[in-house]
Every structure is written in structure tokens, then in C-alpha cells.
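Hi there,

Here is the structure I promised to pass on to you. Have a look at it first, and then read my notes below.

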Amino acid sequence: MANLEEELQTRRTFAIISHPDAGKTTITEQMLLLGGVVREAGTVKGRKGNFAKSDWMEIEQKRGISVTSSVLQFDFGDKRINILDTPGHEDFSEDTYRTLMAVDSVVMVVDSAKGIEPQTKKLFEIVKERHIPIFTFFNKLDRDGRPAIDLVDELESTLGIQAYPMNWPIGSGKILAGLYDLYHKRVELYRPADGAKRFLPLDAAAGDELAAANALQTNPLWDEVKDEVELLQDAGNEFDEDAILRGELTPVFFGSALTNFGVETFLETYMDYAPAPVAKKTVDGTLVEPANPQFSAFVFKIQANMDPNHRDRIAFVRIVSGEFERGMDVTLKRLNKKLRLSNVTQFMADSRENVQNAYPGDIIGIYDTGNFQIGDTIYAGKKALEFEELPTFTPETFMRVRAKNVLKQKSFHKGVTQLVQEGTIQMYTAWDSGEYILGAVGQLQFEVFQFRMENEYNTEVTLEAMGAKTARWVNPDQLDSRMASSRNLLVRDRNGEPVFLFENAFAERWFKDKYPDVELETKL
Ligand code: G4P
């Protein structure tokens, strides 16, 4: 226990968010390379379009390293990094959102030719809402990109965040010469000649600037870059570590993941500023500090049937406080049930270790026989503890679901219950008929649901589109089921709470006019 504080201070737990194809997989690989986990990068070719597999599973297959679990742990310098995968699909899933509840900071990878794309924006909104510190990496500098000034301007205006460029590109595409590193006061050369220095210090006082200028004198962009840098220094934001930690200021880096340019500089600097594990709030509003010796943790993801040959189910658990020891006894708060944590796995990138000890910030995988639900708290010792509920995301699209074969009702119910518990999809029941209605944040969730029902529960399902709807929770005390109509269907959520599914904004306004006193609540 003596080294709890020391251990937790080394942890950096984060997720990488991006629009598909911006380079998340490539930069993850480069980080693994820098961490010494893999020896060669750039050989993983993504086979796109297979929703059942995450990009990381492909990395695992190609390399024989263990990442199936969507968590990667490796050491870099004196830090132990935990990267949590957020599936980078065109479509969203709640899984991605919830993963963001288990990290202490986020890296946003943006394609510098494309700028801020829709998915980045959506994920960013969640990050901002939770005040998670965010670090931006403009990728693909080896391609002709948009001017850096435009990119930073777009970042600030589209996402409503202040930016602080840590470095600045000297050209892009064919004329990429390097990075002007404002933070380290040096130039980092792109592909320096054999034997030449990669870093040229830029300390004006020591006359170094001249050396860098000389090295780049053939580059017509040098003067322009210097002007831009001057402008940033005079008129740009101040570097403010507290604002970074509050998620109000994003340090901005440039580079090219594919050619491994700027990634190391990024990772090193990121490790200096990314927060160590933070405290977490309980339902009664107290904060549980990571250095608190009482072990506590919460479930943020459940994944079933990762190996089709074994019907295994793993609960992904983020440690909040104390030290995890293999075989320890804990209480699962929701059921007030005692459990012994013996069959637990950790996700070192080079092996799937059976974990002995783990610390705040770490993710452990608990083999589960059906005890856990997403959002569950576990704790050791006598003092009961329950963390705030994880947010439920308001689904935007709905489908009626039935088993194609009526004789398959049993496996249909089992499948639906398990997949809903796992958080694959949300389920509602029609108020009167009890008919099942599925709700999702994105279309992909329905496809995954259908695929898994067939493959894992051997049940074909019929999905009948109901289209986009606006879900609004209604205060049960004010509810009269006669308020429902075809334009605002009344359903129950999984806790039995009443919800209206409005056909569109017009239907919602109409309802509000008619029942001005009825409170309608929205979730995140
Ligand atoms: P993702 O996980 O965010 O979806 O992106 P991923 O890393 O798979 O990268 C998407 C494509 O962009 C890949 O090419 C990858 O090689 C390329 N890429 C990533 N970083 C850079 C970079 O810094 N510069 C350049 N020029 N390209 C980069 P692809 O041809 O679409 O995929 P693949 O067929 O090679 O797998």
C-alpha cells in the first residue's frame, strides 16, 4: 500500500477521438512503437467496413499482441499509459461515449487536409461537457493540408475552445520542412539528412536562431513561419495549465503519424501535462480521491462473447481509488453482493496478463457470469460507496423489434436482455402493448444488435424502422396516459420511467403548448 501514491502518479489514462480515417490507428501504432511494444509500424492495413471488429482487433491479429479488449497498457518513459479505444466508425455508439467517462484526458486527432469533421465535433461536445482536458494533434502534415492558421481558427470557432499551438508546421506536403516548436524553443526537422541533427535549438539569446535559420535558409517558408509564430506569441492565447486541466484550452500539435514525424514530441509533451487519475464523485456528492486507500472502481463497459468459442463476458472496470489485489473481496453496490475478484485480466499491450495488482487509472477486466451492469460500483472494505450514475444518452433513432420465429422467444428475450445490459442498445417498451422498442444513438448500433442476435443467440430479428424521434422523460406524477398520441408515443425506459417519443420538434412544441405545466426532461 505504501506505493499507492507513487504508482497512481505514473498513470495516464486517455482515449483518442477522431473522425474515421484521420489516423487514430496509425498514431496508436506509433505510440506502441515509442513505448517499445512493437518494433515496426505502418504494416497494419485496416480492412474497413467490418463493424464487428475494432481496428485494434486487427492490430492484434496482425501482430499477435493482446488488445482485443479495447484497452492498451504500456510504459513510456516513467509513465504507465492506458489507452482506451473508442471505435472510429462513421456512426456513433454509446459505447464510445461511455468510454469517455473512464478517461482522465483525451487526444483529438484531426486530418489537417480536412479540418474538423462531424464525428470529431460530436465526440468533442461530450468531452467539453465533462470538462475533460483535450489535446489536439493535426495529422497528415506530409500531405498538402490547409494553412495552419485556418485549422486553428476553425478549431476554436467550430468547437468553442481556446487553442494554444505548441508547435507550428513549416510547410506541408512536398514542401514540409519541419516544425517550429514554440514550446521547446527548437526546430524539429522533417527527415533530416543522414547524420544531421533532428532538433535545432532556437534560443535567440544564444544565437541559435541563426543556426536554425541557416539550416532552413533554402526554405522559402521560413520568414512566413517566423511571422506567424510572432503573431501567435503576440496575439495568441497564454499558456495556462489550469485552463488545460479544466478543458478550456487545448494544446495544439502538428505532425504526421504515418511518417512518425512529431508523434514523439507530442507524446512527451502530452505526458508532461496530461493529468494523473482524478477524483470521482459519489451519489452523495463526496469526492473519492485516487490516493484514498479504500479500493473502489466502476464498470464502464461490458463485452460479451469476445471469443466465440467461450461464452465469456468481461466487465471493464476503471479503478478510482486504492490498490487492487488479485483475489480480493469486494462488494457490488447495486446488489449488495460480495464477490471475490480472482478471475481478472489486465491489458498489457504485449501480453494479456493475469493481473496481480492494479492502481487508480488502470482498467481491469473481470470475467463475469452476469452480475455486472454498466455503471456499477464495486468497493472493498466496510464503508459503502456508490459513484454517480454514468450518463445515459438520449437515443435519436428507434426501431420496433420482434423475433422472426415465434418459437425462438426464449433466446430472443435472453439475447435482448443481455445486449441491453451490455449497453449495446437501449430498450423501451410500449406503454400499453409492452412491445419492444429499441433506441440508439446511431444506426450502427442496430446493425450490431441484429448481427449479434443472429450469431450469438441464434435468433433472427425483424427490425421495423420508426425513424428519428425526440425522447423526453416526463415526470410520472404529472403523467396521464391520454396525453399520448401517434405523434408522441408513450413508452417505458428500462427503469420503468415514462418517456414520450416525439415525432419531431413541432410535435414537442404542440405538446408544450397544450400541457404547459408538464415537465419534460432531456438526457445528455
Ligand atoms: P483511423 O484509425 O482514424 O480510421 O485512421 P487510420 O489510422 O486507419 O488511417 C486512415 C488512413 O490514413 C490510412 O490510409 C493511413 O495510412 C492514413 N494515414 C494516417 N496517418 C497519416 C499521415 O500522417 N499521413 C498520411 N499521408 N496518411 C496517413 P488508407 O490508405 O486509408 O488505409 P490503409 O488502406 O492503408 O489501411
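What follows is a short tour of what I found in it.

Please keep in mind that this is a predicted model.

Seven strands form it in the order 2-3-1-4-5-11-6, with mixed pairing. The edges are taken by strand 2 and strand 6 (162-165), each of which has a single partner strand, so one side of each is left without a neighbour in the sheet. On average, neighbouring strands of this sheet are turned by 30° against each other, direction ignored.

Inside that sheet, strand 1 (residues 11-18) pairs with strand 4 (residues 105-111) in the parallel sense, over five bridges. Helix 6 (residues 148-159) lies across strand 5 (134-139), strand 6 and strand 11 (249-254), and runs at about 150° to strand 6.

Is Leu72 buried or exposed? Leu72 is buried, because 26 other C-beta atoms lie within 10 Å, and the cut-off for buried is 20 or more. The C-alpha atoms of Leu72 and Asn371 are separated by 25 Å, and the two residues are 299 apart along the chain.

Next, have a look at strand 26 (residues 436-440). Five of its five residues are buried, so strand 26 is largely enclosed by the rest of the structure. In a regular strand, side chains alternate between the two faces of the sheet. Here Tyr436, Leu438 and Ala440 point one way, while Ile437 and Gly439 point the other way.

Strand 26 pairs in the antiparallel sense with strand 24 (residues 397-403), over four bridges, and Ile437 is the bridge partner of Arg400. Strand 25 (residues 426-430) also pairs with strand 26 in the antiparallel sense, over four bridges, and there Met427 has Leu438 as its bridge partner. The hairpin of strand 25 and strand 26 has five residues between the strands, and in it Gly434 takes a positive phi near 75°.

The crossing is right-handed. Helix 11 contributes Ser411, Lys414, Gly415 and Leu419 to the contact, and helix 12 contributes Phe449, Arg452, Met453, Glu456 and Tyr457. These contact residues divide into four nonpolar, two polar and three charged.

Methods. Residues numbered from 1 in each chain as written. Predicted model: local features only at pLDDT ≥ 70, side-chain atom pairs only at ≥ 80, totals over all residues. Buried ≥ 20, exposed ≤ 12 C-beta atoms within 10 Å, placed from the backbone. Left-handed = near helix turned anticlockwise from the far one by under 90°. Helix = DSSP H or I, 4+ residues; strand = E, 2+ residues; numbered from the N terminus. Contact = placed C-beta atoms within 7 Å. Nonpolar A, V, L, I, M, F, W, Y, C, P; charged D, E, K, R; others polar. Pairing = 2+ DSSP bridges. Axes fitted to C-alpha atoms, helices over the stretch in contact; angles between N-to-C directions.
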